[in-house]
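Thanks for coming, everyone. I have one model to walk through today. Please look at the screen while I talk.

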Amino acid sequence: MPNLRTACPPGTCICDREQLLSSPDSDIRVLWLTREEEKRLIQRLEHLTSLADLRHMQALIYKQLGVVVDVSAGQNEVRTVMGLQIDVQARPGLCRKVRASIPAAIRRGLAANVNIVFELLDEGGLFG
């Protein structure tokens with residue numbers, strides 16, 4: 001069994017880690033994201049190479065952690081990467097800090113390679 005993420009300090013997080021661990025039939029894959037693994041994931045997301053790479057990372061995050069990450073064009077005009085809609089599904093065991101750091105890392109990765117943003121917008125038919 002892989003190492004599990006250490007508990008957050010009391011009162012600082014609303015991840016319901018203990019509730020997740022107490023239920024015998026719960027999916028604890030999200031707790032496999034230790035702080036070291038989180039750092040590796042963030043670094044990997046900051047160095048995306050293409051839209052296919054982004055989609056691959058989304059699939060890996062879902063397969064290995066059971067967390068859905070949705071990246072799409074926002075409802076309003078997209079002028080910068082801040083206009084993109086990046087949602088990380090809330091679920092028991094997923095820290096609030098991690099739910100904020102994943103979209104931030106994806107935004108940094110997209111800002112470093114704006115061609116991915118154009119591919120993402122084209123995927124929705126903006127340029128097609």
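Let me start with a question: is Glu18 exposed or buried? Glu18 counts as exposed, because its relative accessibility is 52%. The cut-offs are these: buried is under 20% relative accessible area, exposed is over 50%, and partly exposed is in between, with a 1.4 Å probe and protein chains only.

Now the ground rules. This is a predicted model, where local features need pLDDT of at least 70, side-chain atom pairs count only at pLDDT 80 or more, and totals for chains, interfaces and linings use all residues. Residues are numbered from 1 along each chain as its sequence is written, and side-chain values use heavy atoms, with hydrogens and water left out.

First, the overall layout. The protein has 5 helices and 2 strands. Along the sequence the pattern reads α-α-α-β-β-α-α. Helices here are DSSP runs of H or I with at least four residues, strands are runs of E with at least two, and both are numbered from the N terminus. Of the 128 residues, 37% are buried.

How about contacts? A contact means heavy atoms within 4.5 Å. Take the contacts with a separation of 6 or more: residues 24 or more positions apart account for 59% of them.

Next, the core. A nonpolar core is a set of buried Ala, Val, Leu, Ile, Met, Phe, Trp, Tyr and Cys residues joined through side-chain atoms within 4.5 Å. The largest one has 31 residues. Those with the most contacts inside it are Leu45, Val67, Val69, Ile102 and Ile106. Two or more residues come from each of helix 2, helix 3 (51–65), strand 1 (69–73), strand 2 (84–88), helix 4 (96–112) and helix 5 (114–123). In soluble globular proteins, nonpolar side chains tend to be buried together.

Zoom in on Val69. Setting aside neighbours within four places in sequence, Val69 contacts Gln58, Ile61, Asp87, Val88, Ile102 and Ile106.

Ile102 and Ile106 are also among the buried residues of helix 4. That helix has 17 residues. From first C-alpha to last, helix 4 reaches 25 Å, close to the 24 Å expected at 1.5 Å a residue. The expected span is 1.5 Å times one less than the number of residues. What do the buried residues of helix 4 pack against? They pack against helix 2, helix 3, strand 1, strand 2 and helix 5.

Ser101 sits in helix 4 too. Ser101 counts as buried, at 17% relative accessibility. Beyond four places in sequence, Ser101 touches Glu38 and Ile42. With Glu38 there is a side-chain polar contact of 3.4 Å. A polar contact is a pair of N or O atoms within 3.5 Å; within protein, one must be able to donate a hydrogen and the other to accept it, and residues adjacent in sequence count only if both atoms are side-chain atoms.

That brings us to charges. A salt bridge is a side-chain nitrogen of Lys or Arg within 4 Å of a carboxyl oxygen of Asp or Glu. The count is 8. One of them joins Glu38 and Arg5, with the closest N and O atoms 2.9 Å apart. This pair links distant parts of the chain, 33 residues apart: Glu38 is in helix 2 (residues 35–46), and Arg5 is in the segment before helix 1 (17–22). Both partners are buried. Arg5, Glu38 and Lys97 form a network of salt bridges.

Back to Glu18. Its salt bridge is with Arg17, at 3.4 Å between the closest N and O atoms. Arg17 is buried, with a relative accessible area of 15%.

Then there is Glu37 with Arg40, at 3.1 Å, N to O. Both lie in helix 2, 3 residues apart, about one turn of the helix. Glu37 is partly exposed at 34%, whereas Arg40 is exposed at 54%.

Last, two loop residues. Thr34 lies between helix 1 and helix 2, and is buried at 12%. Outside four places in sequence, Thr34 contacts Asn3, Leu4 and Arg5. Asn113 lies between helix 4 and helix 5, and counts as buried at 18%.
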